[in-house]
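Thank you all for coming; I would like to take you through one protein today, moving from the whole chain to a handful of individual residues. Please keep the sequence and the structure in view while I talk.

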Amino acid sequence: MECWRKYYYAMIIGYRSKGESVHLKFGILYHSSLERFDRYRAEGSSFDEAQSKMVKWALEETWGPDGPWETDHEKKTRETLIRSIIWYTEHYKDDPAKTVILADGQPAVELTFQLRLDFKIPGTDQFYVVGGHTDRLVELAGDLYTTDRKTTGSGLSSYYFAQYKPDAQMTIYTLAGKVVHKQPIKGVLIDAAQILIGSTAFQRGLTYRTDEELQEFITELQTYWFPQARWHAENDFWPHNPKACHRYEGCQFREVCSMSPSVRKIKLASDFIVHKWNPLEAR
């Protein structure tokens, strides 16, 4: 939905920038650290034990052969990462949102889902599938929510949380919770962290989808988005969306698309590597 060319470069070919994206690495480390904390707590560790093990993992993960992880970004550094995960756990120390324990006894943390829709790819016996990963399932005030953690440099106002409706990711998370996890999910709980130089601020927001909204989303996938994707694939035509170039700290292919078509392959070959990723593989 964001950009056909970005999808082609990133998913069909598998291009990844040779240079490390500080935003991507910081986000992965932040999510992975808190995922471990959730697991430790759900498995019976005390708050202090879980926090200590989480911090130990994060410190080790950000220490390489040449020493500690260093960045040129003033806000996203090793120090602000460690500070943020500690402050997050302290901020939600008495969190009323409790991790759900699944029927097999495992905590509902970092769940992979594959939702088979009830319509087929034209001319085949294959069904369309929507796949992804959710951070965890929680119970809050008697209701169930899927959760998602976000890091941002923006202020955490009502305007910030308003961007998540409409939003395809949050709609899919709600669908997955209702259908795949077979739970009466009410919506998505969003824990946002504003990363600043000297501090980290936290704010929680909720976003909801009615059954009518979910059905509308599925109908639009079936009648418009999936046929569009199939047409682009069959015709090997991948136009770019210039309105999406500056989203999420800027597209990694923005500089490539700003060049003349005849030299883009040279830029891709020099600045990117091919790294295939299968979104249907469970984490």
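Predicted model: local features only at pLDDT ≥ 70, side-chain atom pairs only at ≥ 80, totals over all residues.

Let me begin with a definition: helices (H or I, at least four residues) and strands (E, at least two) are DSSP runs, and they are numbered from the N terminus.

Residues are numbered from 1 along each chain as its sequence is written, and side-chain values use heavy atoms, with hydrogens and water left out.

Staying with Trp 4 for a moment, contact here means heavy atoms within 4.5 Å, and, not counting residues up to four places away in sequence, Trp 4 touches Trp 225, Gln 228, Ala 229, His 232, Trp 238 and Pro 239. The C-alpha atoms of Trp 4 and Arg 247 are separated by 15 Å, although the two residues are 243 apart along the chain.

Now the overall form. Along its principal axes the C-alpha trace spans about 55 × 45 × 35 Å. The radius of gyration, taken over C-alpha atoms, can be set against a globule rule of 2.2 Å times the number of residues to the power 0.38; because that rule puts a compact globule of 283 residues near 19 Å, the 20 Å of this protein agrees with it. Among contacts between residues at least 6 apart in sequence, 69% join residues at least 24 apart.

How much of the protein is buried? Buried means under 20% relative accessible area, exposed means over 50%, and partly exposed lies in between, with a 1.4 Å probe and protein chains only; on that basis, buried residues make up 42% of the 283.

What, then, forms the interior? A nonpolar core is a set of buried Ala, Val, Leu, Ile, Met, Phe, Trp, Tyr and Cys residues joined through side-chain atoms within 4.5 Å. The largest such core has 22 residues, of which Tyr 30, Leu 34, Met 54, Leu 81, Ile 85, Tyr 88 and Phe 202 touch the most other members. Two or more residues come from each of helix 2 (22–42), helix 3 (47–61), helix 4 (78–91) and strand 8 (185–195), and helix 2 gives the most, with seven. Apart from this core lies another, of twelve residues, among them Tyr 128, Val 130, Leu 214 and Ile 218. As background, nonpolar side chains tend to be buried together in soluble globular proteins. Returning to Leu 81, its contacts, again leaving out residues up to four places away in sequence, are Phe 26, Leu 29, Tyr 30 and Thr 62.

Next, a few places where the backbone deserves a look. Most residues other than glycine have a negative phi, and most peptide bonds are trans. The peptide bond from Lys 165 to Pro 166, however, is cis, with omega near 0°, and Pro 166 lies in the loop between helix 5 (158–162) and helix 6 (168–179).

Glu 110, in strand 5 (residues 109–120), has a positive phi, near 50°, and counts as buried because its relative accessibility is 15%. Asp 236 also has a positive phi near 50°, but this residue lies in the loop between helix 7 (211–235) and helix 8 (254–257) and is exposed, with a relative accessible area of 53%.

Which residues does Glu 35 touch? Glu 35, found in helix 2, counts as buried at 17% relative accessibility, and, with residues up to four places away in sequence not counted, Glu 35 touches Val 109, Glu 110 and Arg 149.

Finally, Lys 75 lies in the loop between strand 3 (67–68) and helix 4 and counts as partly exposed, at 24% relative accessibility. Beyond residues up to four places away in sequence, Lys 75 touches Thr 80, Gly 153, Ile 195, Leu 196 and Ile 197. I will stop there and take questions.
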